[in-house]
Amino acid sequence: MQQRRPLMAGNWKMYKTADEAAQTAQQLVERVAGVTGVDIMIAPTYTALVPVFEVIQNSPVALGAQNLFWEDDGAYTGEISAPMLKSVGCQYGIIGHSERRQYFGETDETVNKKIQAALQVGLKPVFCVGETEEERASEQTLSVLDKQVKKGLEGLVSDQLDTLIIAYEPVWAIGTGKTATDDQAQEVHQFIRSLVEKNFGTALSNSIRILYGGSVKPDNVAGLMSMPDIDGALVGGASLDAESFSKIIKY
Ligand code: 13P
């Protein structure tokens, strides 16, 4: 089995002004200087992308967007396209985060279009999936994930998915302090990898990175990262502070 390079990604959600974001990014750059063997990404708000990029461009920290629209341009007031994100230095795009599904009407179909748009311009999609508390309680976790993965990647073939990253974020663990246990997370990651194998073949299932997200903190990251199918973390709250995010990166 090949070695997968870990990715530690910070989703800053709707926090920080442009100045605050640039300042945190600067503090992060100082703390991760010399770190090797791990990819690092931060996804600030759209308004902070340019100032953050200026700070991180010659560092190991890469830039990501929290969302994107699937058309390249057009009369779509308020939306931002994949080529636009690419043009300000983004390498990654988070797609289908549960907060977007929950509050902004994101569906498996729109997620699919956004993944295609990202791939088209060479943005690495960080494709988010995960079950709600009720779905877990009624033992639908695996069937929900099966549907999200299948529909999110519909129409794509393995050759197109080299750069795809999947993030498993159980909705009940986001911002709640309730992390999935290492074993609970591993079970689902293994299942997601098996879905990738079934739909896209062994080569992709061996190489694809599957991140865990949901209350990842400096004190629980090492346990999660010790699991064979967990290849990194998508971190919300604990990524807003450079010191705690750098501890996660250096797990
Ligand atoms: P928290 O780390 O704050 O639980 O957020 C997780 C998340 O939603 C990252 O995308």
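A residue counts as exposed when its relative accessible area is over 50%, and as buried when that value is under 20%. With these two cut-offs in hand, the structure above, which is a predicted model, can be explored residue by residue.

Glu139 sits in the loop between helix H6 (133–137) and helix H7 (141–152). Its relative accessibility is 74%, and because this is over the 50% cut-off, Glu139 counts as exposed. The backbone here also deserves a look: although Glu139 is a residue other than glycine, its phi is positive, near 55 degrees.

Is Thr141 buried or exposed? With a relative accessibility of 8%, Thr141 counts as buried, because that value is under 20%. When residues up to four places away in sequence are not counted, Thr141 touches Glu131, Glu135, Arg136 and Val188.

The relative accessible area of Ser205 is 3%, so Ser205 is buried by the same cut-off of 20%. Which residues does Ser205 contact once its neighbours within four places in sequence are left aside? They are Arg4, Arg193, Val196 and Glu197.

Lys13 is located in the loop between strand S1 (7–11) and helix H1 (18–32). Its phi is positive, at about 45 degrees, even though Lys13 is not a glycine. The relative accessibility of Lys13 is 18%, and since this is under 20%, Lys13 counts as buried. Lys13 is also one of the residues that come nearest to the ligand, together with His97, Gly175, Ser215 and Gly237, out of the 13 residues around it.

What kinds of residue make up this shell around the ligand? Four are nonpolar, seven are polar and two are charged. Ser215 takes part through its backbone: one of its polar backbone atoms is 2.7 Å from a ligand oxygen. Taken alone, the ligand exposes 310 Å², and the protein buries 96% of that area.

The chain has eleven helices and eight strands. Its radius of gyration is 17 Å, close to the 18 Å that the globule rule gives for 251 residues, so the chain is as compact as a globular protein of that length. Along its principal axes, the C-alpha trace spans about 45 × 45 × 35 Å.

Of the 251 residues of the chain, 53% count as buried; Ser205, Thr141 and Lys13 are examples of buried residues. The chain exposes about 11,200 Å², and carbon and sulfur atoms supply 49% of this area.

Methods:
Residues are numbered from 1 along each chain as its sequence is written. This is a predicted model: local features need pLDDT of at least 70, side-chain atom pairs count only at pLDDT 80 or more; totals for chains, interfaces and linings use all residues. Side-chain values use heavy atoms; hydrogens and water are left out. A residue is near a molecule or strand if one of its heavy atoms lies within 4 Å of it. A polar contact is a pair of N or O atoms within 3.5 Å; within protein, one must be able to donate a hydrogen and the other to accept it, and residues adjacent in sequence count only if both atoms are side-chain atoms. Accessible areas come from the Shrake-Rupley method with a 1.4 Å probe; for residues, only the protein chains shown count as cover. Ala, Val, Leu, Ile, Met, Phe, Trp, Tyr, Cys and Pro count as nonpolar, Asp, Glu, Lys and Arg as charged, and the others, Gly among them, as polar. Buried means under 20% relative accessible area, exposed over 50%, partly exposed in between (1.4 Å probe, protein chains only). Contact means heavy atoms within 4.5 Å. Helices (H or I, at least four residues) and strands (E, at least two) are DSSP runs, numbered from the N terminus. The radius of gyration is taken over C-alpha atoms; the globule rule is 2.2 Å times the number of residues to the power 0.38.
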